[in-house]
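I opened my notebook to look around a structure that was new to me.

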Amino acid sequence: MDRRKGNILQRLDLWTILLFASLAIMGWFAIHSVESGSIMSGQSGKQIIWICISLFTGLVLLCIPKHTYRNISLILYAATLALGILTIFIATDIKGSRSWISAGSFSIQPAEFMKFATALMLATYIGRRDFKISNNRDFIKCVGIIILPMLIILAQRETGSALVYLALFLVLYREGMTGIFLLTAISAIIYFVVGVKYSVETMSQLPVNVGQYATTVIIQIISIAIVKFWCKHDRTFTVLFFTNLSGTLLSYWIAVYLVEFNIMIVQYALLLFNIIYLLLQIRLSKEKRNLWVALYIIGAIGFNYSCSYIMQNVMQPHQKERIEVLFGLKEDKNDAGYNVLQSKIAIGSGGTFGREPLSCTQTKLGFVPESDTDFIFCSIGEEQGFAGSAFVMIMFVIFILRIIHLAERQNEIFGRAYGYAIASIFFLHFTINLGMVLGITPVIGIPLPFFSYGGSSFLGFTILLFIFLRIDAEREIKR
Amino acid sequence: MKNDKFESRKYILSGIVLLIFIVYLTQVFSLQINDSEECQNIADRNACLKKTVYPARGQMYDRNGELLVFNKTSYDITFIPLEIKGADTLELCNTLGITIDDFTNRMDYIKNKKNNPGYSKFTEQTFMAQIPDENLSVFQEKAFLFKGFYTRKRYIREYKYDVAGGLFGDIGEVSSRELENDSYYEQGDYIGKQGLEASYEKQLRGKKGQEIQKIDAHRRIKGKYKDGALDTFPVRGKNLTLSLDIELQMLGERLMKNKIGSIVAIEPETGEILCMVSSPSYDPALLTGRDRGANYKKLTEDKRKPLLNRAVTGTYPPGSTFKTSQAAMFLEEGVVTPQTAFNCSNGFIMNNFRLGCHSHKSPIALKEAISTSCNAYFCWGLHRMFGMNKYGGRKEAMNTWRDYMVSMGFGYRLGVDLPGESRGMIPNAEYYTRHYGNYWRAVTVISISIGQGEVTLTPLQIANLGAIIANRGEYITPHMVKEIENDTIAGEFLTPKKTMVGKKAYEEVIKGMRHAVTHGTCREANIPGLNVCGKTGTAQNINKEQDHSVFLGFAPMKTPKIAISVYVENGGFGKDYAVPIGALMIEKYLNGKLTPESESKADEMSKRRIYYGQEKR
């Protein structure tokens, strides 16, 4: 028993631990620097205590064998959900959200612990010997496992945290869920973002709306890419690729240099051609998947049209304004818009190598709200400049990719699913938090792992990671 | 793991991670590399509270070094619009002794971009200027109730004497037009409005300083920005030494009491204005402090227009004082010699035209013509000049006359360093042709030779004529400021200008003026030992009211120290008012004091009142 434990500690993935350690250290320094010479105090001291508690918890978790995690996952899941439900009733109301349980000066957020329980539960379920994702019952149960904690957290009015669970669908995708869902979700986001963000811009050389034009080009690119990688008939791809490429370039060139005309007509004509050609090829080359691609194009056009229709005609002015503020089409110096503006100013003022500490007024004098928690990245941007921000981002991406790599080397589905689950959770936090701070995504308050001040979140992320480190260390290595 | 047909999906998932990373990195790059300067500017604007520190305004001394105009501190109530939410406005109004309506009106005024182009809700705005000391102490006690309201130290004017209001001028808050014209000013700043305060504004105002404080998002002050490295100290305004002799000025204002008119005295050698009285005058202190507005209104509504500086703005017929300039020109142009005598049969008579004169012996030559102020002599002179062949016609003769007059500083602004100077009027040939067609002749214009008709001058121009004669032909542009601290006065106040008449001719004129004092019309100005030269004037005015009483003189004859013009509206004959006033002024300046006898004369003069009609300006 002793010998084996020693082995396991030796087999821990050193790279992940180093990445974790450096993120945690940079995170603590970021909190410390916001605090120094500023209107806040005491956070970095408290955070040290939480880091110690987290490290101790992590060490304990490393001693628990993998099969125990599998065995107790249902109990943990049930227990944390029950705690979550209890929280709704006993929590103190903080800015409308009921997610914190306070005991004296300490308060914890049970939602943070639901994450690892849900991840374990999902991995255990997917890891069952008779699990088949193509089986509707199994699939629906998986979705249930994900949705249940989301509902509880929504009831706590923590929309941001609830969104994180959507990341777990990436696990399902990796385990064989049809890609249509993912594709649909991602394309919808792209079309919406591009379409709305550039809806008021006109091309510099032609009187054509950038948003409309860009979306048609993206539909062409995505649909032809699907043909290339999913459909088996290569000639269809070749034909579509060259007609669309030449049609788009030629029409643009003619309109700019020869005769000005509405190039949107060409774009729509190309899309129509693609649909007809794909449908014809179903019979000619016996490729049924072409039907789906054609439907995708029709769906995408329909989606874009309805987006702009809804924006123009259905939405209430204040809803429209919120969306316009988000995409920077309208300046809003209040609340959310103001916060994002200040956040961008803070990051931008950092320049290449950051400002001297005394000049970091944006984060230290409270112009950026929550500069020690959700907007902690501003402090890095302001003090360390592009060098520091890029370094932190690179470390995060390496960290996530490393976890994906570890997940892929598991020889059990349980381990792989759990690995993907935590990679997805870290990824979503990274995406939504930085997206908000950089003014790309809406303002949704979720922490940046290991950086944002807060004990529960640091502890939650440590637990997520260290369970996986143990699972990874225990994998069988083929000799 | 074996048989994992979805393994390739790890590439798609990793790809998504990298895609997001690239998009975000692009955004970080564009913010931190492309927009970094702009962001830094905005960040600095966020965190800086700029507070203006006002400099003390330059002081004014008289020619003998006596301090006349200086500063005293006063406090304004200011506010930063963004911060005043939650201030107890009712209590504030009580403290400052204003009504809620006053409060809202003032706020509306400040927030209106039309009145206040530089308005920003982030910067300090002047709410109330120059609050009384007792209100200040109450305000400071209750300051915690008035969130966003502050006090600001300012300098306002104080004066040693209650004279020379129109010369010193006043300072007041900048108007929206002044704000637009000069970016130096911000709303609530003071600027010179009239008099020397206006014409030497740039020298007097100094340079504002700035304190930059670091503030947090709740606009609480967090110490000095960059430890005060960017703060600037205010630079005190430059002091002015005026050419004014304050005692002479005081005597002048005393003598002119109860009369309308002006006295201008110039030191001929330098062009320095020794005194400039415009009556009625006012106490400059009236236009400082909180009652400035009310007092200003009162002065504006006064029918006698005390705010008007008549010495430079008023234009009058110079009357017989003008004859001195004619005499000089006639001699220079060879129209007459000192011996040339003209007949005077109680006036100048030409066909049906008659211009009257008083009775004196006839015929007379130049010296006596000046001393008795014979109208006919000068009419004949001009008539002869117009008939001279060398001009080839009356138009050319007329314009030659015009050129002589202009060279003596008439018809155009002299360029004195006081605002509001008038040109006066010197007609030319074109002027008459416009009015009379081609039918005008010497007789038509003849009254210009005795300083009547179309000719008008400012009292300053009349005094300057005195300086020209005293200098025997040249003058320096009259000016009020002798020295500017660490600066030089304008070049035209240092370089003499020549007139078209030579020294010899002026000597003859001076003989005449001396004769006028010893044997002629201004014998009252004959102060023993001072060798005064003078010329009276009794200027008719178009309103058919009592004539204006005028005196032009200088002394001493050989080395003149003072040239003076006295103009008393509706004062009658020159000797009635202008001569005795001029004599007392000359005596005071040259002797440093008045004899007891003169002192009682001065008292008596001060009491003499001229009654002006209700509508009199």
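My entries below go from chain A to the interface and then to chain B.

**Ground rules.** I'm working with a predicted model, where local features need pLDDT of at least 70 and side-chain atom pairs count only at pLDDT 80 or more, while totals for chains, interfaces and linings use all residues. Residues are numbered from 1 along each chain as its sequence is written, chains are lettered from A and ligands numbered from 1 in the order in which they are written, and side-chain values use heavy atoms, with hydrogens and water left out.

**Chain A.** I looked up the secondary structure of chain A and got 19 helices and three strands. Helices here are DSSP runs of H or I with at least four residues, strands are runs of E with at least two, and both are numbered from the N terminus. Of the 479 residues in chain A, 52% count as buried. Buried means under 20% relative accessible area, exposed means over 50%, and partly exposed is in between (1.4 Å probe, protein chains only). I also checked contacts, meaning heavy atoms within 4.5 Å. Among those in chain A between residues at least 6 apart in sequence, 70% join residues at least 24 apart.

**One residue, A:Asn304.** Is A:Asn304 buried or exposed? A:Asn304 has a relative accessible area of 15%, so it is buried. I found A:Asn304 in helix H13 (residues 289-314) of chain A. Leaving aside neighbours within four places in sequence, A:Asn304 touches A:Tyr191, A:Thr215 and A:Ile219.

**Where A meets B.** I find 54 residues of chain A in contact with 38 residues of chain B. The two chains bury about 4000 Å² between them, and carbon and sulfur atoms give 71% of that. Buried area is the accessible area (1.4 Å probe) that two parts lose on being put together, summed over both. Which three residues supply more than any other three of the area that chain A buries against chain B? They are A:Tyr173, A:Leu365 and A:Phe386, with 14%.

Pairing takes at least two bridges found by DSSP. I traced B:Gly261 to B:Ser279 in S12(B) and to B:Val568 in S20(B). S11(B) and S12(B) make a hairpin with four residues between them, and B:Gly271 in the turn has a positive phi of about 80°.

**Two helices in chain B.** Helix H16 (residues 394-407) and helix H17 (residues 429-436) of chain B pack at about 130°, with axes 8 Å apart. Axes are lines fitted to C-alpha atoms, for helices over the stretch in contact, and angles run from 0 to 180 degrees between N-to-C directions. H16(B) and H17(B) are therefore oblique to each other. (Under 35 degrees is roughly parallel, over 145 roughly antiparallel, 65 to 115 roughly perpendicular, and the rest oblique.) B:Lys395, B:Met398 and B:Asn399 of H16(B) meet B:Ala429, B:Glu430, B:Tyr432 and B:Thr433 of H17(B).
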